[in-house]
Amino acid sequence: MTRVSCSLVSSSNKKQHQEIINHFRPALAFYEDIYRSIHQNPELSQQEEATSSIAAKHLKHLGYSVHEKIGGLGLIGILRNGNGPTVLLRADMDALPVLEQTGLDYASRKTMEDANGNQVPVMHACGHDVHVSCLMAAAELLYAARSEWTGTLVCLFQPAEELVAGAQAMVDDGLYTKYGLVKPDIILGQHVFCLYKAGVVALRPGPILAAVDGLKIRVFGKGGHGSMPSNCIDPIVIASHIVVRLQTIVSRELEPGKIGVVTCGKFTAGTASNIIPNYADLELTVRSFDTKVQEQLLDSIARIARAECDAGRCPKAPEITNTAHAPATVNSDSESRILKASFLKYFRDNATSMEPLSGSEDFSILARAVDRPYIFWGLGGCDPIKWDEAKKNGKIGEIPGNHSAGFAPVIEPTLRTGTDALALAALTFLG
């Protein structure tokens, strides 16, 4: 991977970063209102029209050169400010099909039609509303502070992260070829987690997020009346055996110390209680940090599915379809150490090390596509009082986390910390 040049890492020394950020930070009440509005009006992947429009109008108002509808509803705002490095800041925009149960006065009550034509509840259950609001605020801060840095700043708002499809779609749609955009010298992003208290930033060099593979397995049977199973081949029973057997891959096949996750999150079959269906569908998510482990997991899943179908007398082999893929997120080593030093100096005790998580992201595709270094860090979102109490009682794991109906980052100091972190990261690498 291409490394950042020495000129890139010697950031502006006209003023200390703390002084620049404190002087140019915009009034955050405006962005807190934007956050509440986006939270109340979440949009599913590939349907982020209103969110994308809010970000685009904001960047245009500030004076960025804005290019929209990249890879669907993605957009970039480019701010050219003399000679120097090009730094890209990224935020994702999409929400999830989750019924919100936070009890917040700005909770989502929205429903949308999903890609399958079903009406589903929608919630920002992964904090992308935080990401959008922070990047909008950082864009204003860095625009106001352009006397303090040189180079080119790119603010990228990405669709469809939850499908691990948006980053690749933007690349495939000419992100780096159509818009006069010089390939960035470094790509930066963050993600809010309630694993950490609000006000905290967490960063480490090396692996931080797992690779993800999505799979759909269709198990074929022979349908008929539920009262006469002997005349049928029940795909529900066979698929159930597959689900149970899959649980042995990590516990019985992976070497101790290797990390892997195999989860069946969706099991669909049948139309009525007295009808044995012709097929059953399983949808899986598979996580790994190591390519060899990834291959082992996928091979084992296919082997088990085929063997259980054979044992169950299925009329034909199962159909196994890859539905999603994103590589592991592995922070560039030397650049991460540089940014960690900036974080420690700025956030002091609120800068910590991020342990690897089995969650996944398509963020790194934006960098891998052009062979550039990248850094992705964690942003704390949990109410500090609740977090301290949970830690005291050994109950951090009980705090509602990402993708749960109770996921509720506190607005402050989360937005201020996220805004400052993005601005600080950009200033660290701009000229």
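Visitor: What is the mean pLDDT of the protein chain?
Guide: The mean is 95, and 97% of the residues reach 70 or more; pLDDT is the predictor's confidence in each residue, from 0 to 100. Over residues 1-14 the pLDDT is below 50, and this stretch has 39 contacts in the model beyond near neighbours in sequence (contact means heavy atoms within 4.5 Å). Where pLDDT is low, the predicted coordinates should not be read in detail.

Visitor: How many salt bridges are there?
Guide: The structure holds 15, a salt bridge being a side-chain nitrogen of Lys or Arg within 4 Å of a carboxyl oxygen of Asp or Glu. One of them joins Lys216 and Asp281, with the closest N and O atoms 4.0 Å apart.

Visitor: Which strands do Lys216 and Asp281 lie in?
Guide: Lys216 lies in strand E10 (residues 211-220) and Asp281 in strand E14 (residues 279-288), so the pair ties together parts 65 residues apart in sequence. Strands (E, at least two residues) and helices (H or I, at least four) are DSSP runs numbered from the N terminus.

Visitor: Is Asp281 buried or exposed?
Guide: Asp281 is buried, with a relative accessible area of 7%, while Lys216 is partly exposed at 29%. Buried means under 20% relative accessible area, exposed over 50%, and partly exposed in between (1.4 Å probe, protein chains only).

Visitor: What does Lys266 meet in a salt bridge?
Guide: The partner of Lys266 is Glu283, at 3.8 Å from N to O. Lys266 lies in strand E12 (residues 260-269) and Glu283 in strand E14, so this pair ties together parts that are 17 residues apart in sequence. Separately, salt bridges that share partners join Arg90, Asp92, Glu361 and Asp362 into one network.

Visitor: Turning to aromatics, how many pairs are counted?
Guide: The count comes to eight aromatic pairs. Rings of Phe, Tyr and Trp (its six-membered ring) pair if their centres lie within 6.5 Å; planes under 30 degrees apart count as stacked, over 60 as edge-to-face and the rest as tilted. Tyr346 and Phe347 are edge-to-face, because their ring centres are 4.7 Å apart and their planes at 70°.

Visitor: Which residues form a cluster?
Guide: Phe343, Tyr346, Phe347 and Trp377 form one aromatic cluster.

Visitor: Which ring does Arg218 sit over?
Guide: The charged end of Arg218 sits over the ring of Tyr279, 3.8 Å from its centre. The rule asks for NZ of Lys or CZ of Arg within 6 Å of the ring centre and within 35 degrees of the ring normal.

Visitor: Where is Gly312?
Guide: Gly312 is in the loop between helix H8 (291-311) and strand E15 (319-326), and counts as buried at 17% relative accessibility. Leaving aside neighbours within four places in sequence, Gly312 is in contact with Ile233 and Ile238.

Visitor: And where does Thr428 lie?
Guide: Thr428 lies in helix H12 (residues 414-429) and is buried, with a relative accessible area of 2%.

How values were computed: Residues are numbered from 1 along each chain as its sequence is written. This is a predicted model: local features need pLDDT of at least 70, side-chain atom pairs count only at pLDDT 80 or more; totals for chains, interfaces and linings use all residues. Side-chain values use heavy atoms; hydrogens and water are left out.
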